[in-house]
Amino acid sequence: MADYSESLIKSLIKKVKEYPRFSKEEIEKFCWMAVHEHKHGVLPSEYDIREIDEELYLQLLQELKSNIK
């Protein structure tokens, strides 16, 4: 598994929490959106199938889940 910088993970966590309509029940969706935006420079469209960095997504999801109670 790749090791991403703490500053990248923190900035993505901040981005996730600032998305309109962010909800803890949809953490997976919002993490995917943040990683997609990080990689491609834009938020995903409704049927966007471009690949994301799965390792970054999993690390972000793990960190966010451990920080949100």
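## Helix 2 against helix 3

Helix 2 passes helix 3 in a right-handed crossing. A crossing is right-handed if the near helix is turned clockwise from the far one by less than a right angle, and left-handed if anticlockwise. Helices here are DSSP runs (H or I, at least four residues), numbered from the N terminus; strands are E runs of at least two. The two helices pack at an angle of about 135°, with their axes 9 Å apart. That makes helix 2 oblique to helix 3. Angles under 35 degrees count as roughly parallel, over 145 as roughly antiparallel, 65 to 115 as roughly perpendicular and the rest as oblique. The axes are lines fitted to C-alpha atoms over the stretch in contact, and angles run from 0 to 180 degrees between N-to-C directions.

Which residues meet here? Helix 2 brings Ile 27, Glu 28, Cys 31, Trp 32, Ala 34, Val 35 and His 38. Helix 3 brings Leu 56, Tyr 57, Leu 60, Leu 61, Leu 64 and Lys 65. Contact means heavy atoms within 4.5 Å. By class, the contact has 10 nonpolar, 1 polar and 2 charged residues. Ala, Val, Leu, Ile, Met, Phe, Trp, Tyr, Cys and Pro count as nonpolar, Asp, Glu, Lys and Arg as charged, and the others, Gly among them, as polar.

## About the model

The model is predicted: local features need pLDDT of at least 70, side-chain atom pairs count only at pLDDT 80 or more, and totals for chains, interfaces and linings use all residues. Residues are numbered from 1 along each chain as its sequence is written, and side-chain values use heavy atoms, with hydrogens and water left out.

## Helix 1 and its two partners

Helix 1 covers residues 6-18, and helix 3 covers residues 54-67. They pack at an angle of about 70°, with axes 10 Å apart. That makes helix 1 roughly perpendicular to helix 3. Their crossing is right-handed. From helix 1, the contact uses Leu 8, Ile 9, Leu 12, Ile 13, Val 16 and Lys 17. From helix 3, it uses Leu 56, Gln 59, Leu 60, Glu 63, Leu 64 and Asn 67. These residues divide into 8 nonpolar, 2 polar and 2 charged.

Now turn to helix 2. The axes of helix 1 and helix 2 come within 9 Å and cross at roughly 120°. Helix 1 and helix 2 are therefore oblique to each other. This crossing is right-handed too. Leu 8, Leu 12, Lys 15 and Val 16 of helix 1 meet Phe 30, Cys 31, Ala 34, Glu 37 and His 38 of helix 2. The count by class is 6 nonpolar, 1 polar and 2 charged.

## The whole chain

How many helices and strands does the protein chain have? There are 3 helices and 0 strands. Along the sequence, the pattern is α-α-α. The radius of gyration is 11 Å, close to the 11 Å that the globule rule gives for 69 residues, so the chain is as compact as a globular protein of that length. This radius is taken over C-alpha atoms, and the globule rule is 2.2 Å times the number of residues to the power 0.38.

The C-alpha trace spans about 30 × 30 × 15 Å along its principal axes. Of the 69 residues, 36% count as buried. Buried means under 20% relative accessible area, exposed over 50%, and partly exposed in between (1.4 Å probe, protein chains only). Take the contacts between residues at least 6 apart in sequence: 54% of them join residues at least 24 apart.

Start inside. Is Gln 59 buried or exposed? Gln 59 is buried, with a relative accessible area of 13%. It lies in helix 3. Not counting residues up to four places away in sequence, Gln 59 touches Ala 2, Asp 3, Tyr 4 and Ile 9.

Next, go to the loop between helix 1 and helix 2 (27-40), where Arg 21 is found. Arg 21 counts as exposed, at 76% relative accessibility. Its phi is positive, about 65°, although Arg 21 is not a glycine. Pro 20 is found in the loop between helix 1 and helix 2 as well. Pro 20 is exposed, with a relative accessible area of 62%. From Pro 20 to Gln 62 is 42 residues in sequence and 21 Å in space, C-alpha to C-alpha.
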